[in-house]
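Q: I'm new to this one, so please walk me through it.

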Amino acid sequence: MTYVHVEGIPGAGKTTWINSQLSQYQDAMLMPDLLNPKTLPAFALTYEFIVYIESIKSRLLQHAKKPVVLQERGYLSILAYHYAEEQLSATGIYPKVIALISESIQSGAIQAPEHIVLLSADIAS
């Protein structure tokens, strides 16, 4: 099985790109979005909870019925968010996030993707 994270800022075209891949390739499937900030309560957006959700996604991968699994946003987005937050506010959280995610990958709780697709967008428009 090939696991692909599709990353990018809002409006970069992640959903559009994924939908085009799903319509072109019958062997691809989309990992369910378990982390939609629009539907989660604020307490659920802690980095610990998000890493927990990533571990659930990794367990779901073991039961994937297609050889290619696409995921819109993953732990890379968590890292990017907390890195930016650290640069702006010096919260001290980023090293904890890095440590937790690294530990989770090394232990096998989170599966690292084989490929990462990074989409960019013109933020001026």
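A: A term to start with: helices here are DSSP runs of H or I with at least four residues, strands are DSSP runs of E with at least two, and both are numbered from the N terminus. Also, keep in mind that this is a predicted model.

Q: Okay, so what follows α4?
A: Gly108 comes after α4, and its phi is positive, near 90 degrees.

Q: And how far apart are the end C-alpha atoms of α4?
A: They're 20 Å apart. Helix α4 covers residues 94-107, and at 1.5 Å a residue its 14 residues should span 20 Å, so the two values agree.

Q: Which residues of α4 are buried?
A: Val97, Ile101 and Ser104 are. Looking down the axis of α4, the buried residues sit within an arc of 60 degrees, so they line one face of the helix.

Q: What's on the face turned away from that buried side?
A: Exposed residues: Pro95, Glu103, Gln106 and Ser107.

Q: And what covers the buried residues of α4?
A: The cover includes α2 (47-61) and α3 (75-89).

Q: Which residues make up the largest nonpolar core?
A: Nine of them: Tyr47, Ile50, Val51, Tyr75, Ile78, Leu79, Val97, Ile101 and Ile110. The elements giving two or more residues to this core are α2, α3 and α4. In soluble globular proteins, nonpolar side chains tend to be buried together.

Q: Pick out Tyr75 for me: what does Tyr75 touch?
A: Leaving out residues up to four places away in sequence, Tyr75 touches His5, Glu54, Ile101, Ile105, Ile110, Gln111, Ala112 and Pro113. There's also a second, separate core with six residues, among them Val4, Val6, Ile18 and Leu70.

Q: Switching to the strands: in what order do they sit in the sheet?
A: The order is β2-β3-β1-β4, four strands in an open sheet with parallel pairing. The edge strands, each pairing on one side only, are β2 (28-30) and β4 (115-119). From one strand to the next, the twist averages 25 degrees.

Q: Over how many bridges do β1 and β4 pair?
A: Five, in the parallel sense, with β1 being residues 2-8. One detail there: Glu7 has Leu118 in β4 as its bridge partner.

Q: Last one: which strands does α1 lie across?
A: Helix α1 (residues 14-24) lies across β1, β2, β3 (68-72) and β4. Helix α1 runs at about 165 degrees to β3.

How values were computed:
Residues numbered from 1 in each chain as written. Predicted model: local features only at pLDDT ≥ 70, side-chain atom pairs only at ≥ 80, totals over all residues. Heavy atoms only, no water. Pairing = 2+ DSSP bridges. Axes fitted to C-alpha atoms, helices over the stretch in contact; angles between N-to-C directions. Contact = heavy atoms within 4.5 Å. Expected span 1.5 Å × (residues − 1). Buried < 20%, exposed > 50% of the residue type's maximum accessible area, 1.4 Å probe, protein only. Arc of directions from axis to C-beta. Core = buried A, V, L, I, M, F, W, Y, C linked by side-chain atoms within 4.5 Å.
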